[in-house]
Amino acid sequence: ARDLPAPPALAHVLRAATQAPACRTFFQDLSFAAIALNLQFTLPAPATLNTIPHMSKVHSSAILTGDIQISKGAEIGPYCVLDGTIGPITIGAGTRLMHQVSMQGPLSIGERNRIYPSSSIGYPPQDLGFDPDKAGTGCVIGDDNTFRESVSIHRAKMELPTRIGDKNYLMANSHVAHDCLVGSKCIFANNVSLGGHVEIGDGVI
């Protein structure tokens, strides 16, 4: 067999296939010398090797790139986009991204959180002086939080991450800006918006 690069069209298909968690192991284990007229193709390396346990549910339409770790029992719904190319993303056990949720690292999310459609977490501050390609210190989110539709949470630009505690309920269109510190068991009504560097204690409604 000859060692040839894959034709461009086939290379595109193979590269896409290696991004799908359900197909990656199959394609890594398959010997290409046995297919395609006995030509030995060089398989394009996937952009990332994400850590996705078998007990997790990742929809086939979700896009995961970079350094991403998903714990057992977590669910990534349709059309979610997780960008771990700037910084790592960690999703805790039992956390559920409903669909069309967008995330960018550095980002750590704890267990049993429920994140509703169109929410955006971990993207850069709305600050003209901040380089959007800079990782910064990211976001840290605790356990058992509920983020309703179109909640946005931005990563920090200072020495400590934007942080949200446990058992908070953020209603639709709530916004937590860069470098905010939010405690636990808080409730934000629709359209509540925190500017940068705001600190909220526990139990605030």
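Ile 153 touches Ser 120, Ile 121, Gly 122, Tyr 123, Cys 139, Ile 141, Phe 147, Thr 162, Ile 164 and Val 176, leaving out residues up to four places away in sequence. The model is predicted. It shows a chain of 205 residues, with two helices and 21 strands.

**Ile 153**
- Ile 153 sits in strand β14, which covers residues 152–154.
- Its relative accessible area is 0%. Buried means under 20%, so Ile 153 counts as buried.
- Tyr 123 is 30 residues away from Ile 153 along the chain, and their C-alpha atoms are 7.3 Å apart.
- Tyr 123 is also among the residues that Ile 153 touches.

**Ser 119**
- Ser 119 belongs to the loop between β10 (114–115) and β11 (120–123).
- Is Ser 119 buried or exposed? Ser 119 is buried, because its relative accessibility is 2% and the cut-off is under 20%.
- A polar atom of the Ser 119 side chain lies 3.1 Å from the backbone oxygen of Tyr 116.
- Beyond its neighbours within four places in sequence, Ser 119 contacts Gln 100, Val 101, Ser 102, Phe 147, Arg 148, Glu 149, Ser 150 and Val 151.

**The whole chain**
- Of the 205 residues, 41% count as buried.
- The accessible surface of the chain is about 10500 Å². Carbon and sulfur atoms account for 56% of that surface.
- Take the contacts between residues at least 6 apart in sequence: 27% of them join residues at least 24 apart.

Terms used
Residues are numbered from 1 along each chain as its sequence is written. This is a predicted model: local features need pLDDT of at least 70, side-chain atom pairs count only at pLDDT 80 or more; totals for chains, interfaces and linings use all residues. Side-chain values use heavy atoms; hydrogens and water are left out. Helices (H or I, at least four residues) and strands (E, at least two) are DSSP runs, numbered from the N terminus. Buried means under 20% relative accessible area, exposed over 50%, partly exposed in between (1.4 Å probe, protein chains only). Contact means heavy atoms within 4.5 Å. Accessible areas come from the Shrake-Rupley method with a 1.4 Å probe; for residues, only the protein chains shown count as cover. A polar contact is a pair of N or O atoms within 3.5 Å; within protein, one must be able to donate a hydrogen and the other to accept it, and residues adjacent in sequence count only if both atoms are side-chain atoms.
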